[in-house]
Amino acid sequence: MVEDLNKDDFLFDLTVALAMLAVAAVSPALGALSDLHSSKKKYLVIFTLASVVCLGLIPFVPESLFPLILLLFAVSLFMYEANMVFYN
């Protein structure tokens with residue numbers, strides 16, 4: 001993605017790092033929420049759909065809005081990784 005848009009790798013790396021930091025911070029609360037409601041499948045579907053929608057929107061965003069591309073990627077990655085709490 002970064003090479004296709006002629007952008008610095010650091011921006012991509014920072015986006016991944018921030019998304020992973022957010023997942024690490026929120027995962028315990030998501031796990032508790034999942035245990036409290038006993039409806040892991042509902043959360044699994046919601047987080048999966050949010051991840052797919054964000055990732056699916058990226059090709060439609062013009063290159064001039066690169067920060068929006070990174071934001072959509074970060075949200076998609078966050079939703080995918082946070083989804084692992086409900087999968088296990």
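F86 is buried, with a relative accessible area of 3%. Buried means under 20% relative accessible area, exposed means over 50%, and partly exposed lies in between, with a 1.4 Å probe and protein chains only. This is a predicted model, in which local features need pLDDT of at least 70 and side-chain atom pairs count only at pLDDT 80 or more, while totals for chains, interfaces and linings use all residues. Residues are numbered from 1 along each chain as its sequence is written, and side-chain values use heavy atoms, with hydrogens and water left out.

A pair of aromatic rings is described by the distance of the centres and the angle of the planes. Rings of Phe, Tyr and Trp (its six-membered ring) pair if their centres lie within 6.5 Å; planes under 30 degrees apart count as stacked, over 60 as edge-to-face and the rest as tilted. By this rule the chain has 3 aromatic pairs. One of them joins Y43 and F86, which are stacked, with 5.1 Å from centre to centre and 20° between the planes. Y43 lies in helix α2 (residues 40-57) and F86 in helix α3 (residues 66-87), so the pair ties together parts that are 43 residues apart in sequence. Helices here are DSSP runs (H or I) of at least four residues, strands are runs (E) of at least two, and both are numbered from the N terminus. Why does Y43 count as buried? Y43 counts as buried because its relative accessibility is 11%.

F86 also pairs with F47, and this pair is edge-to-face: 5.1 Å centre to centre, with 65° between the planes. F47 lies in helix α2 and F86 in helix α3, so this pair ties together parts that are 39 residues apart in sequence. F47 counts as buried, at 11% relative accessibility. Y43, F47 and F86 form one aromatic cluster.

The next step is the chain as a whole. How many helices and strands does the chain have? Its secondary structure comes to 3 helices and 0 strands, and along the sequence the pattern reads α-α-α. The C-alpha trace spans about 45 × 25 × 15 Å along its principal axes. Of the 88 residues of the chain, 32% count as buried. A contact means heavy atoms within 4.5 Å. Among the contacts in the chain with a separation of 6 or more, 68% are between residues 24 or more positions apart. The chain exposes about 5800 Å², and carbon and sulfur atoms supply 70% of this area. Accessible areas come from the Shrake-Rupley method with a 1.4 Å probe; for residues, only the protein chains shown count as cover.

Helix α1 covers residues 9-37, and T15 lies in it. Is T15 buried or exposed? T15 counts as buried, at 9% relative accessibility. A polar atom of the T15 side chain lies 2.8 Å from the backbone oxygen of L11. Leaving out residues up to four places away in sequence, T15 touches L70, F73 and A74.

F10 is also placed in helix α1, but F10 counts as exposed, at 52% relative accessibility. Together with L11, L14, L18 and L21, F10 forms a nonpolar patch on the surface, with about 490 Å² of accessible area. Patches are made of residues with over 30% relative accessible area and no salt bridge; like charges are joined within 9 Å, and nonpolar side chains (Val, Leu, Ile, Met, Phe, Trp, Tyr) within 5 Å. A salt bridge is a side-chain nitrogen of Lys or Arg within 4 Å of a carboxyl oxygen of Asp or Glu. D9 lies in helix α1 as well and counts as partly exposed, at 44% relative accessibility.

V52 is found in helix α2 and is exposed, with a relative accessible area of 53%. V52 and Y80 are 28 residues apart in sequence, and their C-alpha atoms are 8.7 Å apart. M84 lies in helix α3 and counts as partly exposed, at 31% relative accessibility. M84 and S27 are 57 residues apart along the chain, with 9.1 Å between their C-alpha atoms. D9 and A82 are 73 residues apart in sequence and 24 Å apart in space, C-alpha to C-alpha.

How values were computed:
A polar contact is a pair of N or O atoms within 3.5 Å; within protein, one must be able to donate a hydrogen and the other to accept it, and residues adjacent in sequence count only if both atoms are side-chain atoms.
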